[in-house]
Amino acid sequence: MYANKVKKVVAVHDLSGVGRVSLTVVIPILSSMGFQVCPLPTAVLSSHTQYPEFSFLDLTDEMPKIISEWKKLEVQFDAFYTGYLGSPRQIHIVSDFIDDFRRPDGLVVVDPVLGDNGRLYANFHESMIDEMKHLITKADVVTPNLTELFYLLGIPYKEMNTDEELKAYLRQLSDCGPEVVIITSVPVRDDKHKTSVYAYNRNGNRYWKVTCPYLPAHYPGTGDTFTSVITGALLQGDSLPIALDRATQFILQGIRATFGYEYDNREGIQLEKVLHNLDMPIQICSYEFI
């Protein structure tokens, strides 16, 4: 084994031709952080699904064929990173893939894409929640937003929560399997101009919070961008709070670089303008120990 080999990250996401989401952000971010990204595409779309019309090619039947060829090649992966999965069958395929290929020192990051703003995404049913609950038991790190957290815990959605309530939710989800749980898009009580990220690391029993300004603009793909930076930072050996800082600062830089332009927000943040910032040290540590 070469001591200086580049780590391989298998990225299980869809590929959209227009709009910076999924593989079109995962690949440049992790590549710029020094990792080889091996895509396992779940679908190919002309543009992401927040456009009114798009073509869609479902690759569910192709996924096992790709995995089978990788097995013949004896490919080994250092990390598995899953995002949007379109059906219970896709989740099942990915679950078996992780079981088959995972090594003892491998990292598994699951972004359990299910819904937002208190609702499931269109065309998702309860069966998706059940399968995702099973998939996260195999994860080392999960990154649900607040809506997805409540679906995974099987409790009613509540927009405003105290620190103590969020700590209990984090611990409860970690008890399902993942050592690290990160909740994104948490509103800040009494301050609509800020948003928070909460995290728990079972190793050390520590809770962290990062709060940053909330800019009144929606850009698709920010969740994919956030979890990609988290994955790269952890693979580089960063601590969890430093990884949180790097990811939140990078998102904020991307939104600020994009916000001032007359621009179709559906295209996502202008990643190309800030990608080089991933090589820079953290400017200001903003994490809190809670």
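This is a predicted model: local features need pLDDT of at least 70, side-chain atom pairs count only at pLDDT 80 or more; totals for chains, interfaces and linings use all residues.
**View 1. Helices H2 and H3 pack against each other at an angle of about 10°.** Helix H2 covers residues 63-73 and helix H3 covers residues 88-101, and their axes lie 11 Å apart. That angle makes H2 roughly parallel to H3, because angles under 35 degrees count as roughly parallel. On the H2 side, look for Met63, Pro64, Ile67, Trp70 and Lys71. Their partners in H3 are Gln90, Ile93, Val94, Phe97, Asp100 and Phe101. Sorted by type, the residues of this contact are eight nonpolar, one polar and two charged.

**View 2. A salt bridge joins the side chains of Asp78 and Arg103.** The N to O distance is 3.1 Å. Asp78 sits in the loop between H2 and strand E6 (79-82), while Arg103 sits in the loop between H3 and strand E7 (107-110). The two residues are 25 residues apart, so the pair links distant parts of the chain. Across the whole structure, a search finds 14 salt bridges.

View 3. One of its members, Leu57, belongs to strand E5, which spans residues 56-58.

Conventions: Residues are numbered from 1 along each chain as its sequence is written. Side-chain values use heavy atoms; hydrogens and water are left out. Helices (H or I, at least four residues) and strands (E, at least two) are DSSP runs, numbered from the N terminus. Axes are lines fitted to C-alpha atoms, for helices over the stretch in contact, and angles run from 0 to 180 degrees between N-to-C directions. Angles under 35 degrees count as roughly parallel, over 145 as roughly antiparallel, 65 to 115 as roughly perpendicular and the rest as oblique. Contact means heavy atoms within 4.5 Å. Ala, Val, Leu, Ile, Met, Phe, Trp, Tyr, Cys and Pro count as nonpolar, Asp, Glu, Lys and Arg as charged, and the others, Gly among them, as polar. A salt bridge is a side-chain nitrogen of Lys or Arg within 4 Å of a carboxyl oxygen of Asp or Glu.
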